[in-house]
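Student: I would like a close look at a single part of this model, with the criteria spelled out as you go.

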Amino acid sequence: MKDSRLTTVARRGLTFPAETREQIRKTGIRCRPQLEIVYQQRANEWELRGEESGGAVADLGHYVGFVGKDGEAVPWLQRVQNFLPNGVHAVVVEPALIRVEMFRYEQTYDLLITHHWLEGAERKRPELKSQILFLGRNGTLETELWGKDAAFRGGAMPHFFTRSGEQGLPDSPWIDATLKVTEAVCCTGCRHCHLLEAGTQRHALEVPA
């Protein structure tokens, strides 16, 4: 994969042929890996905004979620509940994020883990920086987590291999997130978060005494 394409993948997420994009659209799965630079006027800070989103049908799944720089769970800013499944589940706003995106077609999986942060001069709109931490194509998992083997969700992940046939796995900080996103792309009719969690928000509104 050429450097320019890797740069695009790092920033925008997994890329698919037009036919695959059309098939995902037909399923109604709405996965949004794009990140947005936002400005908080009260705090006078630039931040990154992401949306945990996606889900699965029996044949395929596409999901994106977020964790912290060491793989730790990150609290959502806003929980989103939709009438339609397999859409946006929560919003997160942080100065830096690890994005975890996975696509599944039947028993074949693609996984992309990327680091995103802001860099730039003070008081000016910063630049979004992105780095690929892991990219695995055509991983395999025989277990049918969306069907008869649903009881194993959260405890199984695909096997990835390098071009030379050696096993390639994400580094240890990303294993838990990989297990969770594997569960997510097998969660048919998904209506809940798999990576972001409820918690105390540093962005919570301060109410005057």
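Is Lys148 buried or exposed, and what salt bridge does Lys148 form?

Tutor: Residues are numbered from 1 along each chain as its sequence is written, and side-chain values use heavy atoms, with hydrogens and water left out. This is a predicted model, in which local features need pLDDT of at least 70 and side-chain atom pairs count only at pLDDT 80 or more, while totals for chains, interfaces and linings use all residues. Lys148 is exposed, with a relative accessible area of 66%, where exposed means over 50%, buried under 20% and partly exposed in between, for a 1.4 Å probe and protein chains only. Lys148 forms a salt bridge with Asp149, their closest N and O atoms lying 3.2 Å apart; the term requires a side-chain nitrogen of Lys or Arg within 4 Å of a carboxyl oxygen of Asp or Glu. Asp149, for its part, is buried, with a relative accessible area of 14%.

By this rule the count comes to nine salt bridges. One of them joins the side chains of Glu127 and Lys129 at 3.7 Å, N to O, and here Glu127 is partly exposed at 45% relative accessibility, as is Lys129 at 25%. Another is formed by Glu197 and Lys180, with the closest N and O atoms 3.8 Å apart. Glu197 is partly exposed at 38% relative accessibility, and Lys180 is likewise partly exposed, with a relative accessible area of 22%.
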